[in-house]
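Let's take a walk through a protein together.

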Amino acid sequence: MDEATLAKYQPVIGLEVHAQLLTHSKMYSSDENEYGVAPNTNLSVITLGHPGTLPKVNRTAVEFAMKMGLATNCQIRRDNLFARKNYFYPDLPKGYQITQDKTPICYDGHLDVRVGEEVKRIGITRIHMEEDAGKSMHLAGETETLVDLNRAGVPLIEIVSEPDIRTGDEAYAYLTEIKKLVEYLGICDGNMEEGSLRCDANISVMLHGAAQFGMKVEVKNMNSFRNVQRAIAYEIERQIAIIEAGGEVDSETRGFDAPSGTTNGQRSKETLNDYRYFPEPDLPPLVISDEWLHRVAAELPALPQQLYSRFVGELGLNDYDASVLIDQKEVALFFDDLARLTPNAKAAANWVMGPVKSYLNERALTMADFPLDAAQLAGIIELIDAGKINYSVASKQLFPHLLDHPTANATGAAESLGLLTQADNGELAGLVQQVLDANPAKVAEYRAGKKSLTGMFMGELMKLTGGKADPKLANQLLRAGLDG
């Protein structure tokens with residue numbers, strides 16, 4: 001589709017994100033909440049919907065929902081009711097879902113996300129608690145459907161945004177922030193591939209300046225942030241093409257096909273029966289006291305934007321460095337600890353984003369597997385800043401040695417390995433002269449104006465010193481010799 005036609009329309013996007021909560025048990029029963037176990041093993045008569053069984057609300061799930069609400073600037077509802085959402089679930093045995101209808105636990109919030117150089121505020125309509133359904137599996141070549149009920153009853157929160165998103169990039173940025181928040185809060189592992197974080201997108205288009213939104217289409221089955229972007233881009237063009245051809249967009253639910261990058265119709269929303277919500281008769285109202293809310297608020301950890309503000313405002317890092325560091329919770333917290341042990345925040349950032357992450361990536365490890373603590377890395381930075389070792393030797397020799405001997409400290413290891421710099425002016429000056437005497441032709445070229453040869457001379461000097469010369473002092477003596 002040409003740019004001029006696209007530019008006539010304004011996309012309007014709202015996202016619904018389901019996050020499975022990392023509780024030990026399910027939302028309304030004591031059945032284990034565990035991913036990857038043998039099918040249909042985390043079950044009891046409650047999960048199976050046997051007559052006469054009664055649900056009981058998972059207290060930890062409530063606290064996790066409150067934490068997410070506080071992290072997204074929501075109001076927290078004090079008097080909560082649960083409701084039954086009725087329609088046929090082939091993989092939820094009791095035939096209805098216990099959820100929240102008119103009384104979501106969190107409401108009227110917002111989330112600020114960075115999109116390029118700008119900050120976009122996206123409203124949060126509501127966050128409500130509910131239970132997941134089981135999983136239906138359709139094997140290739142088989143006509144039967146297999147059902148695994150382990151997931152039935154797993155605690156969920158559904159995070160519903162306002163229709164404030166206008167582009168696929170904004171949707172990607174919003175989802176990235178949601179994922180970071182649930183991971184920082186420790187309430188969800190954020191794994192879209194395993195289905196613990198799932199997203200549906202409500203998409204419509206309207207002419208710029210129109211007073212009313214266009215007809216909304218809901219797109220499901222997106223298992224990555226990139227696929228959400230792709231689905232939005234495809235759906236925007238599909239809807240515009242229909243309108244431009246004089247047609248009307250149907251209100252429907254569509255699935256996303258990742259291989260082709262297209263969406264396909266699944267069911268019409270106009271023909272769906274009402275969910276027939278009514279109050280859940282087996283659960284009493286859930287009352288959140290001031291004391292309970294204040295305790296949960298006091299337990300909130302440092303969140304991504306708070307760390308970003310500290311890294312940029314207090315430590316003086318640039319936007320890129322701070323954004324990379326907060327991308328993963330464990331990395332951000334390790335850097336935060338490191339930055340409290342050294343005044344050189346930029347060097348700390350370079351070490352974490354450079355040698356540390358390279359070590360982890362090469363071995364497919366996480367920050368939790370990193371063998372050194374922040375104090376050991378701060379010791380390396382202190383040696384470099386004091387001129388006792390140069391970065392090249394520190395990164396290529398001292399750092400690998402410490403990784404193999406994680407109980408050693410930086411200073412002791414540098415001394416035992418003989419890595420400390422040669423700071424004797426007289427000895428170093430003699431070696432500088434030795435380099436100059438060995439390269440008279442290059443000295444002449446330098447003095448004739450080829451200043452780029454400085455690097456070559458420095459390299460020769462480092463060879464003579466085994467890389468242990470203080471770079472600053474060596475550079476001063478070398479330039480004095482060359483200019484002399």
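The paragraphs below go from the sheets to the helices.

This is a predicted model, in which local features need pLDDT of at least 70 and side-chain atom pairs count only at pLDDT 80 or more, while totals for chains, interfaces and linings use all residues. Residues are numbered from 1 along each chain as its sequence is written, and side-chain values use heavy atoms, with hydrogens and water left out.

Let's begin with a sheet. Strands of a sheet pair through backbone hydrogen bonds, either parallel or antiparallel. Here, two strands count as paired if DSSP finds at least two bridges between them. In this model, 9 strands build an open sheet with mixed pairing, and their order is β2-β6-β7-β10-β1-β11-β12-β13-β14. Which strands stand at the edges? They are β2 (75–76) and β14 (262–268); each has a single partner strand, so one side of each lacks a neighbour in the sheet.

β2 and strand β6 (residues 106–115) run antiparallel and are joined by 2 bridges. Gln75 has Tyr107 in β6 as its bridge partner.

Now look towards the β14 end of the order. Strand β12 (residues 217–222) and strand β13 (residues 252–257) pair in the parallel sense, over 3 bridges. Two residues show the pairing: Glu218 has Thr253 in β13 as its bridge partner, and Val219 has Arg254. Helix α4 (residues 225–244) packs on this sheet and touches β1 (9–20), β11 (197–207), β12, β13 and β14, its direction making about 25 degrees with that of β11. Such touching, or contact, means heavy atoms within 4.5 Å. Why can β13 be called largely enclosed by the rest of the structure? The reason is that 5 of its 6 residues are buried. Buried means under 20% relative accessible area, exposed means over 50%, and partly exposed lies in between, using a 1.4 Å probe and protein chains only.

Another buried residue is Thr5, with a relative accessible area of 14%. Thr5 sits in helix α1 (residues 3–7). Leaving aside residues up to four places away in sequence, Thr5 touches Ile240 and Glu244.

There is also an open sheet of 3 strands, in the order β5-β4-β15 with antiparallel pairing. Its edges are β5 (96–99) and β15 (278–279), each with a single partner strand, so one side of each is left without a neighbour in the sheet. Strand β4 (residues 83–86) pairs with β15 over 2 bridges in the antiparallel sense, and Ala83 has Pro279 in β15 as its bridge partner.

Finally, let's visit some helices. Two packed helices are described by the angle between their axes and the distance between the axes. Axes are lines fitted to C-alpha atoms, for helices over the stretch in contact, and angles run from 0 to 180 degrees between N-to-C directions. Under 35 degrees counts as roughly parallel, over 145 as roughly antiparallel, 65 to 115 as roughly perpendicular, and the rest as oblique.

Helix α9 (residues 345–362) and helix α10 (residues 374–385) pack at about 120 degrees, with axes 11 Å apart, and are therefore oblique to each other. Ala347, Ala348, Trp351 and Val356 in α9 meet Leu377, Ile380, Ile381 and Ile384 in α10.

On to the next partner of α10: its axis and that of helix α11 (residues 391–404) come within 11 Å and cross at roughly 155 degrees. The two helices are therefore roughly antiparallel. Leu377, Ile380, Leu383 and Ile384 of α10 make this contact with Tyr391, Ala394, Leu398, Phe399 and Leu402 of α11.

The axes of helix α8 (residues 329–339) and α10 come within 9 Å and cross at roughly 55 degrees, so α8 and α10 are oblique to each other. Here Phe334, Asp337 and Leu338 in α8 meet Ala374, Leu377, Ala378 and Ile381 in α10.

Key. Helix = DSSP H or I, 4+ residues; strand = E, 2+ residues; numbered from the N terminus.
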